[in-house]
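Reader: I am new to reading protein models, and I would like to go through one slowly. Could we take it feature by feature, with the general idea before each case?

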Amino acid sequence: MRRLQFSSLLVVTLVVLAGCAAPFAEGPPPVGESAGDGQTDGGDAGASDLADPASDRLGWEAGYWYNESIDVDQSDGLSDEELDAFVARSMARVEYIRGLEFESEVPVEVIARSEYRNGSREVGTPADSEFAAWNNQVWEALFITGEDTNVQQALTDTQGSSVVGFYAPGDDEIKIITENPDEPVLRNSTLVHELVHAIQDQQFDLTDERFRGETQDGDLAIDGLVEGDANYVESEYARRCASGEWECVSTPSQRGGSDGPSPNLGILLTVFQPYSDGPVYVASLVEEGGWDAVNDAFESPPTSTEQVIHVTDEEPVPIDFRDRSTGEWERYLSQGVEGSDTVGEASIFAMFWTQARAGADTINPQDLFETESSYDTYNYAAAPSTGWANDRVFPYHKGSGSTAEYGYVWVTEWDSEEDAREFLEAYRAILRAQGGSQQATNVWVIDEGPYADAFRVTRQGTRVVIVNAPTVDDLDDVRSRG
């Protein structure tokens with residue numbers, strides 16, 4: 001999630017921390033976590049020959065077989081020797097489940113959350129950059145962050161509070177984030193998740209351009225495969241732990257907690273989507289064609305979150321756009337795709353869910369927890385976001401610096417007129433909930449608050465177009481009526 005996670009080549013493990021479990025109404029487990037993650041040692045798989053093989057092979061790494069016992073006790077933190085054994089056997093187990101061979105060892109470093117949070121701030125995009133101004137409007141269009149919020153800071157705060165580990169492709173190194181680095185403790189799930197990313201990088205080269213989406217939706221879609229693969233392997237690992245097929249290192253409770261800012265729940269729900277729907281997507285590939293089908297998908301990753309959410313190969317329909325701005329309003333032509341971003345079905349769902357929690361009559365927030373697959377954490381399908389065919393957000397600006405004014409044109413395309421109407425009605429519900437009043441046909445004004453602006457919302461067939469500007473008089477300057 002380059003645009004969302006903002007570190008250009010990081011593959012991360014997210015966890016919904018206890019501090020933000022209550023706002024979600026139900027506290028989800030860490031990504032890929034299950035009862036098996038805390039299984040105590042005991043119950044060997046019954047391997048008859050644990051001698052080192054003559055050459056490297058699947059299920060054996062650095063002197064350890066996938067099913068042999070290791071003497072590791074995390075109750076007082078991991079020693080260097082324990083960490084080495086834990087990592088080596090976990091690598092062997094990832095190989096065994098995933099059917100791929102590690103080409104080299106994977107270093108694992110444990111760092112403090114404060115160190116990670118400070119580092120992420122240092123490498124983040126400057127808040128006053130052209131990209132930041134452009135991206136602020138993309139998220140404002142989603143009613144997830146308002147004009148009073150710097151998206152880059154909100155992204156930094158969300159990541160700083162929610163990431164429990166990451167792998168840096170190219171560096172071939174895993175960093176595990178802990179509150180108590182002097183007594184490091186590793187979750188089986190986090191270690192296995194990041195090791196899957198390491199083997200993906202070694203086998204498929206995650207730095208390749210095919211793993212870098214041009215849009216927000218493209219990033220999330222690719223991550224649906226990358227994170228889905230890792231979470232699916234996590235689930236298979238946890239199942240073997242829980243059943244007693246494998247002995248697994250016990251994970252004690254960690255003392256301390258995050259003291260950073262609370263994450264933005266709309267952003268968190270958006271960036272969590274690949275971790276939730278991705279393993280369902282991968283499970284369907286495995287069921288249809290085994291791991292070969294997953295490996296093939298890494299050669300041609302999904303292109304939209306719609307494909308991951310609904311396990312479909314339906315391609316987005318093209319959206320042509322002709323600039324009809326007048327006066328001094330300009331697009332950011334050096335950003336995104338011809339100045340536009342595509343937020344996609346997952347982000348639109350997050351918009352409706354976030355605003356439903358704020359009182360908008362969009363969707364039932366509790367539907368988020370109505371999942372149909374054991375691999376799924378949340379349900380990202382809802383009537384006003386399902387049927388998405390494509391969208392493009394074009395941020396505009398008038399002037400620059402502290403006196404700049406902003407607006408945007410959001411073009412959405414839907415599979416049917418009924419889908420377009422459902423989106424339109426839910427969007428109007430957001431405007432009403434934010435205190436908006438209808439000033440004229442298709443024109444709304446929000447007078448106060450972080451979304452105070454004028455909006456022109458029109459539908460023609462399967463297309464809904466939203467024009468945003470500071471005032472009603474500015475609407476035609478941002479996009480003249482055609």
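Reader: Which residues have the most contacts inside the largest nonpolar core?

Author: The general idea is that in soluble globular proteins, nonpolar side chains tend to be buried together. In this predicted model, the largest nonpolar core has 57 residues, and those with the most contacts inside it are Phe-143, Ile-348, Met-351, Trp-410, Phe-423, Tyr-427 and Phe-455. Helix 10, which covers residues 344–357, gives the most to this core, with 8 residues. There is also a second, separate core of 50 residues, which includes Phe-86, Ile-97, Leu-100 and Val-226.

Reader: What is Phe-455 in contact with, leaving aside its neighbours within four places in sequence?

Author: Among its partners are Phe-143, Tyr-408, Tyr-427, Trp-444 and Ile-466, and Asn-442 and Asn-468 also belong to the list.

Reader: Where is Phe-143 placed, and what is its phi?

Author: Most residues other than glycine have a negative phi, and most peptide bonds are trans. Phe-143, however, has a positive phi, near 55°, and its place is in the loop between helix 4 (130–141) and helix 5 (151–162). Because its relative accessibility is 1%, Phe-143 counts as buried. Val-311 also has a positive phi, of about 50°, although it is not a glycine, and it lies in the loop between helix 9 (305–310) and strand 7 (330–331). With a relative accessible area of 35%, Val-311 is partly exposed.

Reader: Which cysteines does the disulfide join?

Author: A disulfide is a covalent bond between the sulfur atoms of two cysteines. The structure holds 1 disulfide, and it joins Cys-241 to Cys-248, with an S to S distance of 1.8 Å. The link of Cys-241 and Cys-248 is left-handed, with -80° about the S-S bond. Cys-241 counts as buried because its relative accessibility is 1%, and Cys-248 is buried as well, at 0%.

Reader: Which side chain of opposite charge is nearest to Glu-345, and how far away is it?

Author: Glu-345, which is found in helix 10, is buried yet has no salt bridge, and the nearest side chain of opposite charge, Arg-463, is 17 Å away. Beyond its neighbours within four places in sequence, Glu-345 is in contact with residues including Asp-217, Glu-306, His-310 and Trp-388.

Reader: What is the mean pLDDT of the chain?

Author: Where pLDDT is low, the predicted coordinates should not be read in detail. The mean pLDDT of the chain is 87, and 86% of its residues reach 70 or more. Over residues 1–9, however, the pLDDT is below 50, and it is also below 50 over residues 16–48.

How values were computed
Residues are numbered from 1 along each chain as its sequence is written. This is a predicted model: local features need pLDDT of at least 70, side-chain atom pairs count only at pLDDT 80 or more; totals for chains, interfaces and linings use all residues. Side-chain values use heavy atoms; hydrogens and water are left out. A nonpolar core is a set of buried Ala, Val, Leu, Ile, Met, Phe, Trp, Tyr and Cys residues joined through side-chain atoms within 4.5 Å. Buried means under 20% relative accessible area, exposed over 50%, partly exposed in between (1.4 Å probe, protein chains only). Helices (H or I, at least four residues) and strands (E, at least two) are DSSP runs, numbered from the N terminus. Contact means heavy atoms within 4.5 Å. pLDDT is the predictor's confidence in each residue, from 0 to 100. A disulfide is a pair of cysteine sulfur atoms within 2.5 Å. Lys and Arg count as positive and Asp and Glu as negative; His and the chain ends are not counted. A salt bridge is a side-chain nitrogen of Lys or Arg within 4 Å of a carboxyl oxygen of Asp or Glu.
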